[in-house]
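The sequence and structure come first.

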Amino acid sequence: MINQIVMADTKLFLWLNGLHNDFFDFLMLQLSYNTWLFLSFIVLLMYLGFRVWNTKIFIGFFFCLLAFGVSDFTSSKIFKKNFKRLRPCHNQVLKDKVHLAGKKCWGGKYGFVSSHAANSFAITMFFWLLLRRYYKKMGVIFILPFLISYSRIYLAKHYPLDILGGAILGIIISYAFYSIFIRLIKNYSSVPQL
């Protein structure tokens, strides 16, 4: 059963990783490694949050950073070190089958779960929970973590299950910290109304 899941995951990875061209090589490298892109995204979310939550958004952002930190630590120091699943670009069996847009296998040796997926979904989920009642189309913010996650497959850093595991981990951790934040705010001040 496990072998069948791993084989299906590898097959899906090879198909997704094989959909490449020069433009997508550039785009996926930007999505994975351009820190300014994600920082701009966070600034936009902070602006939207400030319009609703006023200065309380800074307390919310602190809890969001905690969620990010726990997500990053759990994905890289606990999951990767215990599961020890080789990244596709380090897997010698796939050596001649993977497309490396950066021509190099950056990052650590192991890939389960994806820290990029865990962290981007943790931050996005926190802001979605915080703002979903105040902005009708807030779900659109999930496009960026989906694209970042796909870029990790495209660049041969992760299998699809690494991404799924990371996204689920980030979402769960984010929800936990959001719940703590909301309880704290309700005890000491009012939650913004529509």
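Which side chain does a polar contact of 3.1 Å join to that of Asp-162? The partner is Arg-85. A polar contact is a pair of N or O atoms within 3.5 Å; within protein, one must be able to donate a hydrogen and the other to accept it, and residues adjacent in sequence count only if both atoms are side-chain atoms.

The model is predicted: local features need pLDDT of at least 70, side-chain atom pairs count only at pLDDT 80 or more, and totals for chains, interfaces and linings use all residues. Residues are numbered from 1 along each chain as its sequence is written, and side-chain values use heavy atoms, with hydrogens and water left out.

Asp-162 belongs to helix α7 (residues 160-188); helices (H or I, at least four residues) and strands (E, at least two) are DSSP runs, numbered from the N terminus. Its relative accessible area is 0%, so Asp-162 is buried (buried means under 20% relative accessible area, exposed over 50%, partly exposed in between, with a 1.4 Å probe and protein chains only). The side chain of Asp-162 also has a polar contact with that of His-158, at 3.5 Å.

Arg-85 lies over the face of Tyr-159 as well, 3.9 Å from the ring centre. A charge sits over a ring if NZ of Lys or CZ of Arg is within 6 Å of the ring centre and within 35 degrees of the ring normal. The side chain of Tyr-159 is in turn in polar contact with the side chain of Asn-91. Asn-91 is placed in the loop between α4 and α5.

| Pair | Kind | Distance |
|---|---|---|
| Asp-162 and Arg-85 | side-chain polar contact | 3.1 Å |
| Asp-162 and His-158 | side-chain polar contact | 3.5 Å |
| Asn-91 and Tyr-159 | side-chain polar contact | 3.1 Å |
| Asn-91 side chain and Val-93 backbone nitrogen | polar contact | 3.0 Å |

**The disulfide**

The structure has one disulfide, a pair of cysteine sulfur atoms within 2.5 Å. The sulfur atoms of Cys-89 and Cys-105 are 1.7 Å apart. The torsion about their S-S bond is about 45°, so the disulfide is right-handed. Both cysteines are in the loop between α4 (56-83) and α5 (115-131), 16 residues apart. Cys-89 is buried, at 15% relative accessible area.

**Helix α3**

Helix α3 (residues 35-53) has 19 residues and spans 26 Å from its first C-alpha to its last, close to the expected 27 Å (1.5 Å times one less than its number of residues). Its buried residues include Phe-38, Ile-42, Leu-45 and Trp-53. Seen down the axis, the buried residues of α3 fall within an arc of 165°, so they line one face; the arc is that of the directions from the helix axis to the C-beta atoms. Trp-36, Val-43 and Arg-51 are exposed on the face turned away from the buried side.

At the N-terminal end, Asn-34 caps α3, with a side-chain oxygen 3.0 Å from the backbone nitrogen of Trp-36. Asn-54 follows α3 and has a positive phi, near 55°.

**Aromatic side chains**

Trp-53 is also part of an aromatic cluster that includes Phe-126 and Phe-127. Phe-126 and Phe-127 form an edge-to-face pair, 6.4 Å centre to centre with 80° between the planes. Rings of Phe, Tyr and Trp (its six-membered ring) pair if their centres lie within 6.5 Å; planes under 30 degrees apart count as stacked, over 60 as edge-to-face and the rest as tilted.
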